[in-house]
Amino acid sequence: MLFSCVQVNFLLTQFTALILAGFLRTFLSPVAVTAAIRHVFGLVIGLALGYFCFGRQTIHLAALPALCYIAMRTQNPRNIQRQAVLTTALLYLSCVHYHRQMYNYGSYCLDITGPLMVITQKVTSLAYSIHDGLTRREEELTPTQRHQAVKKMPTTLEYFSYVFHFQALMAGPVIFYRDYIDFIHGSNLGGTKPLTGCDKNSGHYDEIVLEPSPTPVVVKKVVVSLLCAAMFVTFIPTYPIQKLKDDDFLKNTTVFYKVWFLMVATMLVRFKYYHAWIFADAICNNSGLGFSGIDEKGEAKWDLFSNVDVSGFEMSLSLRDSIEHWNKGTNRWLRSLVYERVEHNKVMFTYALSALWHGFYPGYYLTFANGAFFTIVSRSGRRNMRPHFLGSKGKKFLYDALTFIATRILMAYITFSFVLLEFMPSLTMYLYLYLFVHIFGLVILVVAPRLPKLPSHNKVNEEESQNSQKLINGTARKSM
């Protein structure tokens, strides 16, 4: 059976959410109703869809944010972000992960952990935003932190509406509290203020920017999402990831075929995520969430909260680019909570939190450990090897072609364990591949720094550093 009852319920809830998102944007706009009505609508629909999909398990969706809200209201703002809320949320989520792993090991059935992981991101990001808004000076904050800072404790309605709003409850993306409140009040469009409460007889009118229609983008994303689902359902039986545990496959296939199988199997698994994330993005857009401005062609962009850039990921030329285009909401969350706040070992702590957030399957930790290692390898290789290929267009094309192929192999090599979940089968596969990617990575770490330096080497590194900083600043502005 291709679909379980829970998966069918999930699809029904998402299509229902898509329709209700249009109703919210059209009939319950900030101009037509109060913010409280929009809060209540999002909250009630979210709870109803959650209960329809998960039944009694929905109690966990309510318990975790309730405990975190109590911590926010009772603890010192200087301590709530890490000692109180982050610890509480991760401990509760970890218990649910552990329970699933003990009683339903290796299951691919949809369960409560998916939306619970999204809720964990919401409540922890809010706690850090409250901490920034109430205890830190603006000059101490990054541009993103300054924008997301919350200077007033949310009311109960605001808090639970933010946690449970139906557009992003099931599959994300994570939306930061300030962005959600701006959407509720109608100020998410640049320079927009709602008309509600204006005295028309006074001759004073707030500036209103006409919201562009998301319909063309929504239709496109729904179609792409369904195509991704069709690709997954059609071809995944031909390349099942469980085949990696088959002795006949391991012993009677060449290394080349094993690598090819890993590349195709992991790509097909990604189509499942593409389907869920792109459809969730369409739901947000249909409600009016996600507008990010006008592009150079004068067309509206609706990618502010997009979770994935499919073409950016599949055509990436480095591990860094792949990571930036995959699960972008989680990347923003990890950057906000960890990467921008720790002084040392940023990569290690970021990957550690990501692994803990995902659960306790050994395959997760293999993937994130390899991710941290190959991130270091990729940086060293790019810093020391790329300048040697910038002398001509031909050399640059060769470098891009090689890094494109290497990235495809690397992503399959480090992510198959994330899908396989188990430690020994993953380790066995690595041994049958002779650990050739790990060995190649070690060679790069040893040899690349010893390559002769070009005269323009320092200048190239300086330009790359500036480009990296521009990318970080661009990401910060985009998240704002």
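Histidine 275 counts as buried in this predicted model, since its relative accessibility of 14% falls under the 20% limit for that class. The residue belongs to helix H11, which spans residues 255–287. Beyond its neighbours within four places in sequence, histidine 275 is in contact with Leu11, Ser225, Leu226, Cys228 and Ala229.

Of the 480 residues in the protein, 49% are buried. Among contacts with a separation of 6 or more, 73% join residues 24 or more positions apart. The accessible surface amounts to about 23,400 Å², and carbon and sulfur atoms contribute 65% of that area.

Aromatic pairing was examined next. A pair of aromatic rings is described by the distance of the centres and the angle of the planes. Across the whole structure, 33 aromatic pairs were found. One of these is formed by phenylalanine 15 and phenylalanine 279; the ring centres are 4.9 Å apart and the planes lie at 65 degrees, so the arrangement is edge-to-face, the class assigned to angles over 60 degrees. Because phenylalanine 15 is located in helix H1 (residues 5–27) and phenylalanine 279 in helix H11, the pair ties together parts separated by 264 residues in sequence. Phenylalanine 15 is partly exposed, at a relative accessible area of 36%, whereas phenylalanine 279 is buried, at 2%.

With a relative accessibility of 2%, tyrosine 413 counts as buried; phenylalanine 436, with a relative accessible area of 32%, is partly exposed.

Ring pairs also join several residues into a cluster, comprising Phe271, Tyr273, Tyr274, Trp277, Phe313 and Trp326.

The charged end of arginine 38 is positioned over the ring of phenylalanine 183, at 4.7 Å from the ring centre. In another such arrangement, the charged end of arginine 408 sits over the ring of phenylalanine 404, 4.8 Å from its centre.

Conventions. Residues are numbered from 1 along each chain as its sequence is written. This is a predicted model: local features need pLDDT of at least 70, side-chain atom pairs count only at pLDDT 80 or more; totals for chains, interfaces and linings use all residues. Side-chain values use heavy atoms; hydrogens and water are left out. Buried means under 20% relative accessible area, exposed over 50%, partly exposed in between (1.4 Å probe, protein chains only). Contact means heavy atoms within 4.5 Å. Accessible areas come from the Shrake-Rupley method with a 1.4 Å probe; for residues, only the protein chains shown count as cover. Helices (H or I, at least four residues) and strands (E, at least two) are DSSP runs, numbered from the N terminus. Rings of Phe, Tyr and Trp (its six-membered ring) pair if their centres lie within 6.5 Å; planes under 30 degrees apart count as stacked, over 60 as edge-to-face and the rest as tilted. A charge sits over a ring if NZ of Lys or CZ of Arg is within 6 Å of the ring centre and within 35 degrees of the ring normal.
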